[in-house]
Amino acid sequence: MKGRTGTIAALLALSAALAIVAAASATTNRAAAPTATVGADKALINCGRTRTLGVAAPITGLAASLGQQQLKWANYFVTRYNRSHRNKLRVVSGDTQLPDTAQAIQVAERFASNSQILGVVGPAGSQEVQVSSAPLRSGGLGYVSGSATRTSLTTDGTRRGYFFRVVPNDDQQGPRVANWIRNSVKATRVVIVDAQNTYSTGLADTVERLLKAAGINVQRETVSEATVTDFSSLVARIPANTQVVYVPWQVSSKAQLFGEQLRAAGKTARLFGSDGLFDPDNFKIPNSLISFFPIDLKSSVIAAYRRGPGGGKSDLFGLPSYAAADVVARAIDKACANGNATRAEVRGHIGRTNIPKKQSILGFAVRFVQQVRAPLGPGDMQRPADFGIYRINNNGAYARIG
Amino acid sequence: MGSSGDNPNLPAPPDEVDRPRVGVDEWVAQVEERRDRYTGLSGLARRIVIGVPVPARLALFVAFAASLPLWMGRGDLFTYGIFTLLYVLLGLGLNVVVGFAGLLDLGYIAFFGFGAYFYAELSSEHYGIHWSAAASIPVVVVATALLGLVLGIPSRRLLGDYLAIVTLFFGQAFVVFVNVGNPTVAGQGLTGGPNGIADIDPLTFLDDELTSRAQQFYFLLLAVVLVLVGLHFLSESRTGRAWRALREDPLAAEAMTIPVKRLKLMAFAFGAGIAGLAGCIFASVLTAVTAGNFDLPLLITIYAVVILGGFGSLTGVVLGAIVINVSFQFLAPENPQGNARLLFYAITLLLLVLSVRPWWRLGAVVGGIVGLGIVIQLLVEAVAPSWTGGPVVEGGRLAGVVQEWVVITPPGHGRFGSFAYVGLVVAILILTRLRGWIRTVAVVPAVYLAAVVWENSFVEQPAVARWILFGALLVTIMTVRPQGLLGTPRVEVV
Amino acid sequence: MTTFRLVDLPLAFNSELATQLFINGLTLGSLYALIALGYTMVYGILRLLNFAHGDVYMVGAFVGFGILHLFGGPLSPNIAVALLITLMFFGAMLGSGALGVVIERFAYRPLRDAPRIAPLISALGVSFFLQNSVLLLFGASFRSYDSFLLGSAHPEQFVPGPLSDAVFVINGVNVQLVQILVLATSLGLMVALTLLVARSRIGKAMRATAFDREAAAMMGIDVDRVIASTFLIGSMLAGAAGVMFGLLFSQIFHFMGFLAGLKGFTAAVVGGIGSIPGAMLGGILVGLAEAYATGYAGGRWSDLIVFGILIFVLLVRPSGLLGTRAIQKV
């Protein structure tokens with residue numbers, strides 16, 4: 001097949017390919033291809049007895065410890081919902097395998113094409129929201145994240161009506177932390193260690209900027225939280241007279257390890273963790289501080305989770321996903337009141353969510369902002385959604401102090 | 001193998017293990033294959049694939065691929081179509097380095113990442129430069145090829161596994177540099193740090209933006225076809241033959257005055273250029289790139305594509321990408337689990353049909369499995385009813401049948417699934433060691449156990465099950481066919 | 001526990017930092033060395049890069065965790081801590097060793113005569129399989145050895161256990177009991193391995209098989225058994241390393257094998273793959289480079305610096321530090 005016959009055949013195949021491409025692009029440029037989801041958000045979906053919501057989280061891979069907590073809490077909400085409602089919910093999960101956003105966009109495309117899905121819980125990471133925005137928008141789906149905190153996701157206004165989050169954003173958390181360090185702890189030497197991911201560097205940058213503006217001595221360090229377990233060299237770099245080490249990380253076990261190594265090296269600095277580290281099961285370094293929204297740690301729901309799917313653990317990193325599932329479920333209920341719904345309707349109801357404080361697992365009422373009002377943007381929660389400061393006392397218990 | 005049985009005075013032929021293997025000789029190694037060629041199902045399949053001439057294969061592939069957007073939903077087109085083609089493109093590039101020239105490059109994905117990031121710099125909001133794709137793609141491809149050349153320079157001194165390590169370092173260094181290094185250039189971070197670069201322009205040609213998935217798919221298909229055709233001619237040319245000589249025996253190649261060092265550099269450059277092209281398309285499809293896109297998991301996938309397909313063979317790479325991506329996507333948790341269940345039972349049945357002969361034995365085995373299931377289910381219902389009757393996840397029409405046949409423990413017996421899984425792994429390992437009628441009998445409880453594990457464990461955690469099955473698939477394919485699907489069996493020097 | 005002050009001379013440069021980093025690097029490096037040994041031994045005999053080796057190490061860590069909880073858990077052990085740790089080591093080495101032999105039997109032996117790159121994919125398949133099996137069975141959350149509080153008298157008050165007690169003080173730097181334990185155990189294991197390979201019959205058989213497999217087979221050595229023993233020993237070392245990791249760093253999870261395996265593979269190649277003293281040296285080198293780079297340059301550039309050092313080593317000595325230049329047969 002070498003030689004001229006092969007060459008001619010190859011050229012023929014090539015021209016055939018070019019012809020097909022030209023023809024196809026001609027048709028797909030003008031008319032919407034049959035595969036496009038234009039009009040997907042207005043398409044009427046028969047609600048039936050079982051309604052579907054999608055949950056996008058990193059279930060396997062490097063961030064599996066975080067994503068599985070979110071999935072478990074979302075599933076737990078659905079279990080409780082199904083016990084008390086006549087119409088049932090079911091979950092379709094998507095594995096976004098953080099930090100590879102290529103998987104996240106595939107999950108988003110699949111969700112958009114799945115004609116039964118009415119709303120989405122997730123995705124988890126801010127960079128995942130970035131890539132998922134276009135597919136989910138073209139599918140008309142609303143998505144509520146329990147952990148994507150990058151401020152610009154809402155304040156740039158491009159995801160209005162589609163993206164919502166049930167956690168306060170970085171620009172709310174950063175100033176709270178900086179103020180506490182400056183005014184209550186009155187620290188003069190602070191070390192900030194970011195974890196080389198998008199969540200961490202955002203918070204670290206904000207806090208560093210604010211503390212430096214107040215004249216506090218700030219030393220910035222960085223470590224790859226996902227891959228490093230030996231923090232001893234990092235610990236060696238922290239000066240002995242440091243008062244506070246701010247660690248906006250997400251893996252509580254790593255922070256615990258870091259704290260222990262800090263203690264073992266004889267350093268007396270206090271750890272200050274961000275909301276990702278709020279985990280009484282794993283992060284228990286005494287005299288540490290953490291910022292988190294003021295949930296009721298004695299809540300019966302959390303206790304029931306511990307007895308049930310938690311297997312003795314609270315997995316509080318995934319708690320906001322319960323709230324996110326709650327938001328989506330209520331919106332689906334309202335939209336399906338007349339038997340069928342469109343995704344646009346569900347989105348609208350999500351935007352008009354109003355969960356009173358007593359029914360909200362987050363400890364405050366859940367309502368969403370509609371316009372940009374720095375530091376909040378459309379999709380952020382309205383006040384009183386804000387952060388509280390907790391302190392870990394000597395036996396590992398968390399107590400709210402601010 | 002029966003011809004020497006004719007003359008009883010001759011000693012028996014040496015058996016497989018002791019037969020001396022001499023030389024690197026494809027023809028000798030293929031003798032067995034040629035004998036088997038006309039027998040059985042696999043022989044037929046092989047004949048079909050190899051018998052079709054190369055241009056016809058290309059035409060068939062293009063025709064099939066071009067038809068995909070017409071019947072596939074958008075989500076499926078994206079996951080099955082676009083990503084398969086991306087893997088094909090990357091596989092073709094890696095094939096040049098590993099398959100043609102025999103260089104173990106473990107940093108290949110860094111070229112992909114470099115191409116993607118460079119395209120992102122040139123055609124996005126990051127620096128406000130918005131070149132059209134017609135301008136940025138050639139620049140990126142050439143730049144990536146140059147980078148490949150630069151990486152190739154230290155490779156000339158390094159052999160085999162040492163080259164692997166150095167290239168691995170480059171790959172990891174790229175990821176770290178992009179994620180953490182992020183030097184400040186012209187006022188802002190060059191690579192965007194952990195946030196990466198977002199808002200990347202879609203591919204634009206003369207004011208025509210390729211925004212719909214179908215358009216992107218066709219462009220990618222065009223790129224793949226161009227690269228395939230180019231590589232085919234390259235492989236048939238003097239350079240291709242020189243590469244193959246280099247792969248088989250670098251010393252002999254050098255002795256025949258083949259410019260080994262220059263060839264290595266060329267291989268790196270070509271492979272890198274193709275990766276750069278793939279990177280441009282990837283960046284424009286995703287519209288945002290971060291360091292995590294270009295790390296080891298993707299490298300492993302592309303290596304699996306190349307090796308599974310039989311490295312050195314272009315059709316093999318295409319086939320490998322299709323097999324790997326399709327099987328991986330089919331088992332995705334977003335897909336209805338009922339489909340995966342059907343696939344599981346279908347494949348189990350197929351394996352039984354292929355391996356248990358004659359038909360009456362097959363019937364006995366299948367009947368035994370069904371019967372065993374019903375018996376065990378009845379026993380458990382009678383003795384310990386709380387251990388069965390659990391819900392069938394997404395059963396659909398099969399739910400009732402499955403419920404009667406498989407013991408599914410209700411929630412609260414989490415350990416059961418785990419123990420069953422461990423038991424299944426042990427059972428399968430033992431099964432591969434058995435022979436004869438014992439094996440046929442042992443298949444019955446093993447298959448039932450597999451169904452139990454599927455219904456109790458795998459459907460609960462489909463994302464994890466996908467990886468387990470994928471790993472098992474890789475091991476199975478390699479042990480059954482080490483040269484890959486379309487590779488040629490090779491014999492190594494004594 | 002009483003602590004011994006060894007060296008307390010104030011030195012000109014910041015020797016406290018340098019000493020701290022040296023100890024950290026040595027400890028971490030001995031861990032890498034143990035993993036690298038497994039890689040190098042298998043490579044020496046089979047010319048195979050066993051990418052599933054990291055996951056054998058991970059399984060060893062989990063087996064140790066299982067044994068830890070079998071006897072009451074880190075906060076309330078039923079037996080003496082020393083005995084518990086010894087049992088954990090033995091159990092992990094046994095479990096990992098068995099796993100290594102099984103993997104060789106089923107995933108590599110059929111590929112013994114295949115082109116070298118085929119077992120690579122088989123190894124990757126095994127790696128996926130092991131990682132995700134552990135994920136399926138144990139879940140995704142980190143499991144903790146709680147070594148900081150292991151055996152502590154008052155764990156609920158965060159009183160440290162005996163493992164983090166300072167045994168020596170060198171240059172103002174505390175050397176913890178767990179670090180001494182890790183260093184001593186790895187040294188002991190490496191010495192035992194060297195003796196085994198140099199003096200015993202099986203060691204001689206291993207060296208012969210590594211040198212020339214066909215000739216060894218012709219001399220009556222059971223090659224299959226030798227290869228299985230190699231995998232057994234290499235995996236046992238990895239299992240021990242897994243438990244050491246747990247004791248040093250507490251947190252184990254399903255992905256740790258992948259990351260450590262990479263470091264171990266790097267160490268083996270830098271030291272000269274196929275050479276046992278090379279693997280030990282390479283491991284120590286990688287550990288020290290990591291510690292010093294992080295300590296002096298911080299986490300931002302440390303990885304790149306380590307890569308730079310190792311690439312430099314390889315460019316200067318292309319077959320690794322102690323590797324033999326491969327003789328190319330014409």
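Predicted model: local features only at pLDDT ≥ 70, side-chain atom pairs only at ≥ 80, totals over all residues.

Student: How many residues of chain A are in contact with chain B?

Tutor: In chain A, 46 residues are in contact, and they meet 46 residues of chain B. Next, look at which elements supply that side. On chain A, helix 1 (4-30), strand 3 (88-95), helix 3 (101-113), helix 4 (126-138) and helix 7 (198-213) each supply at least two residues. Helix 1 of chain A has the largest share, 12 residues.

Student: And what is the make-up of this side of chain A by class?

Tutor: The side of chain A that touches chain B has 22 nonpolar, 19 polar and 5 charged residues.

Student: Which residues meet where chain C touches chain B?

Tutor: There, 41 residues from chain C meet 43 residues from chain B. Helix 3 (81-108), helix 4 (118-138), helix 9 (256-270) and helix 11 (302-316) of chain C each give two or more residues to the chain C side. The largest share, 13 residues, belongs to helix 4 of chain C. By class, this side of chain C has 29 nonpolar, 8 polar and 4 charged residues.

Student: Now the interior, please. What should I look for?

Tutor: In soluble globular proteins, nonpolar side chains tend to be buried together. Here, the largest nonpolar core has 382 residues, of which A:Val328, B:Leu89, B:Ala267 and C:Ala240 touch the most other members. Helix 11 (residues 260-286) of chain B gives the most to this core, 18 residues.

Student: What is B:Leu89 in contact with, beyond its neighbours within four places in sequence?

Tutor: B:Leu89 contacts B:Ala223, B:Val224, B:Val227, B:Ile274, B:Leu277 and B:Ala278.

Conventions
Residues numbered from 1 in each chain as written. Chains lettered and ligands numbered in written order. Contact = placed C-beta atoms within 7 Å. Helix = DSSP H or I, 4+ residues; strand = E, 2+ residues; numbered from the N terminus. Nonpolar A, V, L, I, M, F, W, Y, C, P; charged D, E, K, R; others polar. Core = buried A, V, L, I, M, F, W, Y, C linked by C-beta atoms within 7 Å. Buried ≥ 20, exposed ≤ 12 C-beta atoms within 10 Å, placed from the backbone.
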